[in-house]
Amino acid sequence: MVRASRPGEQFQSVLANISCGDVFDRRSAIEQIALSCRSNPGSRCPQALSALSKQLTDEAHRALAACAASALGGVLALNADGRRRPAAGAAGSAHEPTDEEDAALSALVRALQHGYDGVRVAAACALGKACLRHKP
């Protein structure tokens, strides 16, 4: 796994590492993406959502797909200021999804049909974390 000195460089190296290395390095990179979004959500979340959605959609290893689904839920649950979004239907919770959020939601919904129950459960939990239970 590549390490970088500055936060922006570190985030980019983590994004690059989700598709290479052994399973443990890749899982660590997936988890680091969600953590990075908590520390600086506004500038990193669109890239993180895109990378995690692609990882969930393309991942053949079921444990990594489940990890990506879980990380997507954590990133989707964040507001631009890093706090959790209010519950669906709460005052001020109206939010039109960005293209990246829409792609992430689509990937999670598709993951509900995955052949491995662990991925399906992770996707359902991720949708719940994101407070999107009212979506079809």
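In the predicted model, helix α5 (residues 99-111) packs against helix α6 (residues 117-129), their axes coming within 8 Å and crossing at roughly 140°. Because angles over 145 degrees are required for a roughly antiparallel arrangement, α5 is classed as oblique to α6. The crossing of the two helices is left-handed. On the α5 side, the contact is formed by L105, L108, V109 and A111, and these residues meet V119, R120, A123, A126 and L127 of α6. Classified by residue type, the contact of α5 with α6 comprises eight nonpolar residues and one charged residue, with no polar residues.

L127, one of the α6 residues in this contact, has a relative accessibility of 14% and therefore counts as buried, the cut-off being under 20%. L127 also lies 6.0 Å from G73, C-alpha to C-alpha, although 54 residues separate L127 and G73 in sequence.

The largest nonpolar core of the model contains 37 residues. Within this core, I30, I33, L56 and L108 have the most contacts; L108 is also among the α5 residues that touch α6. Two or more core residues are contributed by each of α1 (7-17), α2 (23-39), α3 (41-58), α4 (62-76), α5 and α6. The largest share is that of α4, which supplies 10 residues.

When residues up to four places away in sequence are not counted, I30 touches I18, L52, Q55, L64, C67, A68 and A71.

Technical notes
Residues numbered from 1 in each chain as written. Predicted model: local features only at pLDDT ≥ 70, side-chain atom pairs only at ≥ 80, totals over all residues. Heavy atoms only, no water. Axes fitted to C-alpha atoms, helices over the stretch in contact; angles between N-to-C directions. Helix = DSSP H or I, 4+ residues; strand = E, 2+ residues; numbered from the N terminus. Parallel < 35°, antiparallel > 145°, perpendicular 65-115°, else oblique. Left-handed = near helix turned anticlockwise from the far one by under 90°. Contact = heavy atoms within 4.5 Å. Nonpolar A, V, L, I, M, F, W, Y, C, P; charged D, E, K, R; others polar. Core = buried A, V, L, I, M, F, W, Y, C linked by side-chain atoms within 4.5 Å. Buried < 20%, exposed > 50% of the residue type's maximum accessible area, 1.4 Å probe, protein only.
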